Each structure stands twice: as structure tokens, then as C-alpha cells.
Amino acid sequence: MIPFLDLGRINEPHQARVREATHRVLQSGWYITGREVEQFERQFAHFCGTRHCIGVANGLDALTLVLKAWDFPANSEVIVPSNAYIASLLSVTLANLTPVFVEPDPHTYLVDPSRIEAAITGQTKAILPVHLYGRCCAMGPIRELAERYNLLILEDAAQAHGAIYDGQRAGSLGDASGWSFYPSKNLGALGDAGAITTNDDLLADRLRSLRNYGSSQKYVNDYIGHNSRLDELQAAILVAKLPYLTTENEVRRKLAKLYLQGIDNPDVLLPPTDQVEQDVWHLFVIRHPRRDALRLFLQERGIGTDVHYPIPPHRQRAYKEYAHYSFPISEQLHREVVSLPLNTALTEREVSYIIDTINQFGG
């Protein structure tokens, strides 16, 4: 059986370093916002090319805290892609703001810059592009629109650790960026963890208070804040794994190339190949008009798959007020996408078997 994801196998090469990091934290007697968090924040900011990194509890909090820190008037509008994971939408509504959905480019699955301008109104305050599947959005046109209409940009970089656009890494392409280090990410902790990167000094100061009950001095609260702190244990684990992220992303690229070169099925639509070396291939997502039949075919032959994501955000019960919206591109993508195994524990032999099996489907 080739599982879609085996976190035990993925983390096996890091076990000794993780044990040492865990021991170091336990021996320190300091478990919240200490030296390990400071070290990770410094190193990850350097990795992304930003002045600041602020560790928080998870990726959703990272996005939500930035939107709250910007202090927009209630019900201001934020442009979001109509096909991303629900966390992007949740961050907007949790900040008491109004999401405005924009359809993706059907080839890249990322928010389509050519559709953004028509969605901008006098109430629009920010654009929230999502670097889905490990590929950066077309940030040049998005930044041009943001400058023209005086909008802020919040990158959702939860799937893009190390991805590059125009020579810059994700996390440095907007006014702020939200990160998740959920265990399945390219840089994964062993539990929930997140961070924000930014070059804005004032925003960074406010975020450090907001994550800590709105306090920058013990028992003195300047803001109505949150308890959203990256803990020392997860920070130490991320410090142990960060030096290997670039190498592990190269492994993902190598496997993605094998898929791109080997899959030859007329009904399978492959990901775009124009930035193979810049993408970090968090997921390898193909499309097929009979997605569920393909998944069953692969499962019967010992190959695990997943769907990212089966239900568009506007069709979730939690957001029934948006159920009447029609986003045909997003809805088709959600019906057709399927994620193949792609991770650093996968072998080339396993990838070859997956390719051969896909090529047999529907023949």
C-alpha cells in the first residue's frame, strides 16, 4: 500500500534532532515564548527575506490576527479566492469583515488577477491571495492593483514554504503573510503552529501584543487580544527541521517532474509546468472528469489519494448565506481535483507504479 501521506516516515530522518530539541525544552523549564520561539522567528524571517516573524498558535490565527491588527472598519471587504480552503474565508469573517469571492485561473487554480479589479469597491481594504498547492499567485499584477486602489495584501502562504515568485520567497510578497506549520506542511511541526511574516515594524509590534492577550508588558493590556502563542516545543522542532526545508523541497520537485513527464492519460489534466523550479509542490493535484472513479481505481491497486478540497467554501453549511452564489470554475475544480502522493518519504519506484496505474485508467 502506498499511503497518501505517512507522517511517521516523513519525520523519521528528523527523529534524533527532534528528540534533542524536545530534551532541550524540557530541561530549560521555559515553555511559552522563550528562546526557542525567538530563534525560530529570527531564522524563519531570514529564510523568507523579511524583517519580522511573529510565531502564533496556528495558520488560521495568523491570518485572523493580521486582519484584526489592520483595524479596518467593520464589514470592510476583503477579496478572497472562491476555491481555497475554508480557513482563508474564516479569517475574514472572524475579523468581522466581508469576503468578496473571486474565481481562480482554471489552469493554475490560483486567484485570477484579471478578475480582481471588477470585484473592488469603495469598501475593499485588502486582497488575500492564497498560494495554493505550493505555487505562488501572480503577485506582480496583484501588487499593481493593490497600489492603484490603496489596498493591503495578506498572503496566505500556508502551503508555500520556500516557494518563489520573481526572485522573492513567499512570505515577502505582500504587506504581511500568514503561515501554518501543521504537521503535513512542507515545514511541519508535531502539532498546530503558525507564524506571520512582515516588513512592517508597527504591525509586528501590534501582532506581538495581540497574540499575547493584547499585552506587551505583563498585566498591562493595550488591545483586546488573543491567546495565540507558538509554544517553545513546536518552535524547537521547527528550528531543527528548517535547515532541511530547501533540500526537501528539491525532493518534491524531483518527484513532481517524474509525474509531469510520466503521466500520459488523455483524460488527466496535469498541473502547469511553467514554474516547476519555483513551486514547492506541497500537493500534486491533477484533474479528471471521473475523479471518484479514478480514486477508487487507484485505491483498489494500493494507492492512497486525497481531495483538496471536495466542497467549495461558499457551499459549506457554515456559510449558508453564500450558498446562492455561482462560481462555475471553482465548482468544477472541486468536482475534478485529486491529490496524488507527493512527499519526501515517497520513493521513485512508488511514483513509477502510481504513474503506470494512472496511465491504465480508462483505457
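**Cavities and buried side chains**

Modeller: Let us begin with the second largest cavity, which holds about 100 Å³ of space. This is a predicted model, so every value here is computed from predicted coordinates. The second largest cavity is lined by 13 residues, and those closest to its centre are Ile10, Lys185, Asn186, Arg252 and Thr344. Two helices, α1 (7–11) and α10 (245–262), each give at least two residues to this lining. Sorted by class, the lining of the second largest cavity has 4 nonpolar, 5 polar and 4 charged residues.

To place this cavity among the others, a search of the whole structure finds 4 cavities of 30 Å³ or more, and the largest cavity contains about 120 Å³ of space. The largest cavity has 14 lining residues, with Tyr133, Arg135, Pro271, Pro272 and Trp281 the closest to its centre. By class, the lining of this largest cavity consists of 10 nonpolar, 2 polar and 2 charged residues.

Asp156 belongs to strand β5, which covers residues 152–156. Is Asp156 buried or exposed? Its relative accessibility is 7%, and because buried means under 20%, Asp156 counts as buried. Leaving out residues up to four places away in sequence, Asp156 touches Leu63, Ser88, Leu128, Pro129, Val130, His131 and Gly178. The side chain of Asp156 also reaches the backbone nitrogen of Ala158, at 3.2 Å. As for separation along the chain and in space, Asp156 and Gly302 are 146 residues apart in sequence, and their C-alpha atoms are 33 Å apart.

The side chain of Ser172 reaches the backbone oxygen of Arg169 at 2.7 Å. When neighbours within four places in sequence are set aside, Ser172 is in contact with Cys48, Gly49, Thr50, Glu155 and Ser177.

Arg211 is located in the loop between α8 (201–210) and β10 (215–217). The relative accessible area of Arg211 is 10%, so this arginine is buried by the rule of under 20%. A polar atom of the Arg211 side chain lies 2.8 Å from the backbone oxygen of Gly55.

Finally, we can look at a pair of strands. Strand β3, residues 98–102, is mostly covered, with 4 of its 5 residues buried. Strand β2, residues 77–81, pairs with β3 in the parallel sense, over 5 bridges. Across this pairing, Val80 stands opposite Phe101 in β3.

Notes:
Residues are numbered from 1 along each chain as its sequence is written. This is a predicted model: local features need pLDDT of at least 70, side-chain atom pairs count only at pLDDT 80 or more; totals for chains, interfaces and linings use all residues. Side-chain values use heavy atoms; hydrogens and water are left out. On a 1 Å grid over the protein atoms alone, a cavity is a set of points where a 1.4 Å probe fits but cannot get out, and a pocket is an open set with protein on both sides within 12 Å along at least five of seven lines; lining residues have an atom within 4 Å of a point. Grid points are joined across faces, edges and corners, and a volume is the space filled by probe spheres set on the points. Ala, Val, Leu, Ile, Met, Phe, Trp, Tyr, Cys and Pro count as nonpolar, Asp, Glu, Lys and Arg as charged, and the others, Gly among them, as polar. A polar contact is a pair of N or O atoms within 3.5 Å; within protein, one must be able to donate a hydrogen and the other to accept it, and residues adjacent in sequence count only if both atoms are side-chain atoms. Contact means heavy atoms within 4.5 Å. Buried means under 20% relative accessible area, exposed over 50%, partly exposed in between (1.4 Å probe, protein chains only). Two strands pair if DSSP finds at least two bridges between them.
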